[in-house]
Amino acid sequence: KHAAKIRLDTVKQDHGREKDKADRATSELVLDQRTRMILLQMINRGLLSEVHGAISTGKEANVYGAVLFPTDESAPVQRAIKIYKTAILVFKDRERYITGEHRFKAGADKGNNRKMVKLWAEKEFRNLRRLHAAGIACPEPLVLKLHVLVMEFLGDRRGYAFPRLRDARLTGEDVEDQWRNLYIQLLGIMRRLYQVCSLVHADLSEYNILYNDKQLYIIDVSQSVEHDHPRALEFLRMDIKNISGYFRREGVNILAERAVFNFITA
Ligand code: ATP
Ligand code: MN
């Protein structure tokens, strides 16, 4: 396993061009051979043009910004690429989400880590497709290859990602109303997720929701489970607890958690 540093943003476009050190540091990605090959293949197929620095480096995955320059010279399109880590330790915790997931019975081989990572990425891809089809605001999933998932970039034209709800700064005279409306909006999303997508997010919090212009976007659905998963309702209660705590701290007069549970599941 050769971990090599490459500057993917220069692979295709400006071979060998020197950038200053600080610039290079942010774009140097430590990716294994296999991952680099997948990205290069995507570049060669015209799915991406450049891969940029990390938007986020997490425990389980890194998310990178990328750009596609369409061949018809229309405006560049931003993309986000989530690359799941294939290190073994990371995956121990995932078991409880996979076990009991009938969609993954056949493929789940806990001894084969690379296969597990692929399943995990697949799970996120399929869950995102369901959300998107149900009209829930989320990144549109575009391409999946092994542990590399390309999706719509949630951010502005300049390439700045929308903030997590945790980091969002609401402004205006009616900030209190805005918080209340976001709470109501989120309850509607959770209900739709349950009723239309048959899913429970299972890691819902102000960290896995992006915010822009009064709109919430749901992300990070790799651990989301079918509502008939043996622990689905336990995960749902946890989600409700998390978001209730968050909105309470933001000053919203929240509903009882039981009432929310009934609203979502009834
Ligand atoms: P962590 O281990 O840090 O929790 P994660 O594996 O949970 O990472 P995500 O929550 O899906 O990964 O994404 C991590 C961060 O990357 C998000 O908080 C968000 O800031 C950014 N991000 C993810 N997807 C997108 C997207 N489609 N557009 C813009 N930014 C994104
Ligand atoms: Mn996350």
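Predicted model: local features only at pLDDT ≥ 70, side-chain atom pairs only at ≥ 80, totals over all residues.
Residues are numbered from 1 along each chain as written, chains are lettered from A and ligands numbered from 1 in written order, and side-chain values use heavy atoms, leaving out hydrogens and water.

Q: How much space lies in the largest pocket?
A: A pocket here is an open set of points on a 1 Å grid over the protein atoms alone, where a 1.4 Å probe fits, with protein on both sides within 12 Å along at least five of seven lines. Its volume is the space filled by probe spheres set on those points, joined across faces, edges and corners. That comes to about 960 Å³.

Q: Which residues are closest to the centre of the largest pocket?
A: Lining residues have an atom within 4 Å of a point, and there are 37 of them. The closest to the centre are Ser56, Lys82, Asn208, Ile219 and Asp220.

Q: Which residues have the most contacts inside the largest nonpolar core?
A: Such a core joins buried (under 20% relative accessible area, 1.4 Å probe, protein chains only) Ala, Val, Leu, Ile, Met, Phe, Trp, Tyr and Cys residues through side-chain atoms within 4.5 Å. This one has 56 residues, and the best connected, with the most contacts inside it, are Leu131, Leu165, Leu186, Ile218 and Phe247.

Q: Which helix gives this core its largest share?
A: Helices are DSSP runs (H or I, at least four residues) numbered from the N terminus. The largest share is 9 residues, from residues 175-195, helix α6.

Note on methods:
Buried < 20%, exposed > 50% of the residue type's maximum accessible area, 1.4 Å probe, protein only. Helix = DSSP H or I, 4+ residues; strand = E, 2+ residues; numbered from the N terminus.
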